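Me: I have a structure open here and would like to talk it through with you. Could you start with the term we will need for charged pairs, and then go on to the fold?

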Amino acid sequence: MENPRDATSSPASRAAFGQRLRQLRGRAGLTQTAAAAGAGLNRSFYAGVEAGRHSISVDRLPSLAQTLGVEVYQLFNND
């Protein structure tokens with residue numbers, strides 16, 4: 001039986017996505033407050049997404065990508 005906590009599990013996926021957001025936010029030169037505001041999110045919730053504690057709705061991805069200056073697919077790809 002497959003381990004439910006492998007690299008494709010929700011907690012691991014949230015952590016990887018959060019790390020990618022931190023990377024992109026750093027490249028964009030934004031604070032968490034600025035990134036959250038640009039995406040229409042509460043700063044504390046956004047911080048939780050970066051920390052891997054929360055997941056974000058797919059409805060928010062376009063505004064988040066725009067705020068970070070990337071295309072939506074780049075939120076998921078390390079370049």
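Reply: A salt bridge here is a side-chain nitrogen of Lys or Arg within 4 Å of a carboxyl oxygen of Asp or Glu. Please keep in mind throughout that this is a predicted model.

Me: OK, and how many salt bridges does the structure hold?

Reply: There is one salt bridge in the structure, and it is formed by Glu50 with Arg25, whose closest N and O atoms are 2.6 Å apart. Because Glu50 belongs to helix H3 and Arg25 to helix H1, the pair ties together parts that lie 25 residues apart in sequence.

Me: Are Glu50 and Arg25 buried or exposed?

Reply: Glu50 is buried, and Arg25 is buried as well. As a general point, side chains of opposite charge can pair when their charged atoms come close.

Me: What about Arg20, where does that one lie?

Reply: Arg20 lies in helix H1, and it counts as buried because its relative accessible area is 3%, where the cut-off for buried is under 20%. Its side chain reaches the backbone oxygen of Gln74 at 2.9 Å.

Me: Let me step back to the whole chain. How many helices and strands are there?

Reply: The protein chain has four helices and zero strands, so that from the N terminus on its elements run α-α-α-α. Of its 79 residues, 32% count as buried, and the accessible surface comes to about 4900 Å², with 50% of that belonging to carbon and sulfur atoms.

Me: Now the inside. Which residues have the most contacts in the largest nonpolar core?

Reply: That core has 16 residues, and those with the most contacts inside it are Phe17, Leu21, Tyr46, Ile56, Leu64, Leu68 and Leu75. Each of H1, H2, H3 and H4 supplies at least two residues of this core, and H4 gives the most, with four residues.

Me: Pick Leu21 for me. What does Leu21 touch?

Reply: Leaving aside residues up to four places away in sequence, Leu21 touches Tyr46, Val49, Glu50, Leu64, Leu68 and Leu75. One of these, Glu50, is also the residue that forms the salt bridge with Arg25.

Me: Back to H4, then. Which of its residues are buried?

Reply: In helix H4, which spans residues 61-68, the buried ones are Leu61, Leu64, Ala65 and Leu68. They cover an arc of only 100° around the axis, which puts them on the same side of H4. What they pack against is helix H1 (10-28), helix H2 (32-39) and helix H3 (43-50).

Me: And which residues are buried in H2?

Reply: In H2, Ala35, Ala36 and Ala39 are buried, and because they cover an arc of only 95° around the axis, they sit on the same side of H2. The buried residues of H2 pack against H1, H3 and H4.

Me: Last one: what follows H2, and what follows H4?

Reply: H2 is followed by Gly40, whose phi is positive, near 75°. After H4 comes Gly69, whose phi is also positive, near 75°.

Definitions and conventions: Residues numbered from 1 in each chain as written. Predicted model: local features only at pLDDT ≥ 70, side-chain atom pairs only at ≥ 80, totals over all residues. Heavy atoms only, no water. Buried < 20%, exposed > 50% of the residue type's maximum accessible area, 1.4 Å probe, protein only. Arc of directions from axis to C-beta. Contact = heavy atoms within 4.5 Å. Areas by Shrake-Rupley, 256 points an atom, 1.4 Å probe, with all protein chains shown as cover. Polar contact = N/O pair within 3.5 Å; in protein donor to acceptor, adjacent residues only side chain to side chain. Core = buried A, V, L, I, M, F, W, Y, C linked by side-chain atoms within 4.5 Å.
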